[in-house]
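Please look over the structure shown here with its fold in mind. The report then turns to one helix and its surroundings.

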Amino acid sequence: MNRIKELREEKNLTQKELADLIGVNSVTLSRYENNSRNPKIDKLEKMAEIFGVSASYIMCFNTAQNENENEITITRNEYERLKAIEHKYNEIKSLVAD
């Protein structure tokens, strides 16, 4: 579950407009919104910036729109998944930097 559609509609953006802003096509964004596909970390970060909320809020790991509002509570599986994503992101980032 995520809040992408809700946040997009609050900003009065169409799927096409948001898709263009984050660099994906409308079909991919639709899949994000209906939870048949999870956004990659860079797309999630762009959406967080556009919406002015945390990535964890978008993905429903947090009920606060601002990470400083309260602590994030996630399950062990969610934590492990995020750590794996972070590790992969850092690997790719280091390859690109070289």
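What follows describes the chain as a whole and then helix H3.

## Basis of the model

This is a predicted model, in which local features need pLDDT of at least 70 and side-chain atom pairs count only at pLDDT 80 or more, while totals for chains, interfaces and linings use all residues. Residues are numbered from 1 along each chain as its sequence is written, and side-chain values use heavy atoms, with hydrogens and water left out.

## The chain as a whole

The protein chain holds six helices and zero strands, where helices (H or I, at least four residues) and strands (E, at least two) are DSSP runs numbered from the N terminus. Of its 98 residues, 30% count as buried, that is, under 20% relative accessible area with a 1.4 Å probe, protein chains only.

Among contacts (heavy atoms within 4.5 Å) with a separation of 6 or more, 41% are between residues 24 or more positions apart. The chain exposes about 6,700 Å², of which carbon and sulfur atoms supply 48%, the areas coming from the Shrake-Rupley method with a 1.4 Å probe.

## Helix H3 and its cover

Within helix H3 (residues 26-33), the residues Thr-28, Leu-29, Tyr-32 and Glu-33 are buried. Seen down the axis of H3, these buried residues fall within an arc of 140°, so they line one face of the helix; the arc is that of the directions from the helix axis to the C-beta atoms. Their cover includes helix H1 (4-10), helix H2 (15-22) and helix H4 (41-51).

## The ends of H3

At the start of H3, a side-chain oxygen of Asn-25 reaches to within 3.1 Å of the backbone nitrogen of Val-27. After H3 comes Asn-35, which has a positive phi, near 65°.

Definitions and conventions: Buried < 20%, exposed > 50% of the residue type's maximum accessible area, 1.4 Å probe, protein only. Polar contact = N/O pair within 3.5 Å; in protein donor to acceptor, adjacent residues only side chain to side chain.
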